[in-house]
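Hello,

Here is the structure you asked to look at. Please open it first, then read the notes below.

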Amino acid sequence: MKMKELSKIDSPINSFESLGNSASIAEKLSAIFGFFGLSKSGLARILHVSRSSLYAWLKGQSEPGSEDMRTIHKLYSLIEPSETGTWSPIFYGYIERPLREFKKSLIEALSEPELDEEEIRAMVKEIRQMSQKRTERLAESEAKSKVILSEESKKRILEENLLSI
């Protein structure tokens with residue numbers, strides 16, 4: 001996920017509005033993973049199920065119970081469609097860490113029996129902004145670490161390396 005983290009994440013639902021409630025459980029779960037930046041373990045933790053249950057739902061080998069189905073539909077309803085077909089990536093470290101102004105993490109907010117939609121949307125927005133700033137800092141740091149050498153410098157370094165052999 002490291003490379004995806006630094007790029008845009010494709011929306012698993014290209015035409016979100018047209019898919020609506022006709023999406024399969026696997027499609028809804030994939031959209032939830034992508035939008036919230038969750039791992040399978042993270043979503044299993046939110047749903048209070050085992051990872052093997054989650055994998056079975058993803059593969060269509062079993063169906064979630066009614067309570068899990070309600071939670072999946074609620075999480076899915078929180079997904080805001082992307083105008084560009086991509087979402088800004090979320091750095092996973094920000095999902096588990098409590099945010100100052102909210103005093104809880106996104107995982108904790110998504111795990112609550114009654115989801116506070118307004119709070120969750122605000123948290124996702126804040127985390128996306130934090131993640132974008134992190135991506136920019138990483139790119140800036142990487143650019144600074146790449147030193148462009150002149151041909152003269154490259155030849156001198158090569159000669160010095162050859163003489164040291």
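The crossing of H3 and H6 is left-handed. Please keep in mind that this is a predicted model.

Two packed helices are described by the angle between their axes and the distance between the axes. For helix H3 (residues 25–36) and helix H6 (residues 66–77), the axes come within 9 Å and cross at roughly 50 degrees. On the H3 side, the contact is made by Ile-25, Lys-28, Leu-29, Ala-31, Ile-32 and Phe-36. They meet Met-69, Ile-72, His-73, Leu-75 and Tyr-76 in H6. Sorted by class, the residues in this contact are 9 nonpolar, 1 polar and 1 charged.

H6 also packs with H4: their axes come within 10 Å and cross at roughly 120 degrees. H4 is therefore oblique to H6 as well. The crossing of H4 and H6 is right-handed. Leu-43, Ile-46 and Leu-47 of H4 are in contact with Asp-68, Thr-71, Ile-72 and Leu-75 of H6. This contact of H4 with H6 divides into 5 nonpolar, 1 polar and 1 charged residues.

Is Ser-41 buried, exposed or partly exposed? Its relative accessible area is 35%, so Ser-41 is partly exposed. The C-alpha atoms of Ser-41 and Ser-52 are separated by 9.9 Å, and the two residues are 11 residues apart along the chain.

Regards

Terms used. Residues are numbered from 1 along each chain as its sequence is written. This is a predicted model: local features need pLDDT of at least 70, side-chain atom pairs count only at pLDDT 80 or more; totals for chains, interfaces and linings use all residues. Side-chain values use heavy atoms; hydrogens and water are left out. Buried means under 20% relative accessible area, exposed over 50%, partly exposed in between (1.4 Å probe, protein chains only). Axes are lines fitted to C-alpha atoms, for helices over the stretch in contact, and angles run from 0 to 180 degrees between N-to-C directions. Helices (H or I, at least four residues) and strands (E, at least two) are DSSP runs, numbered from the N terminus. A crossing is left-handed if the near helix is turned anticlockwise from the far one by less than a right angle, and right-handed if clockwise. Contact means heavy atoms within 4.5 Å. Ala, Val, Leu, Ile, Met, Phe, Trp, Tyr, Cys and Pro count as nonpolar, Asp, Glu, Lys and Arg as charged, and the others, Gly among them, as polar. Angles under 35 degrees count as roughly parallel, over 145 as roughly antiparallel, 65 to 115 as roughly perpendicular and the rest as oblique.
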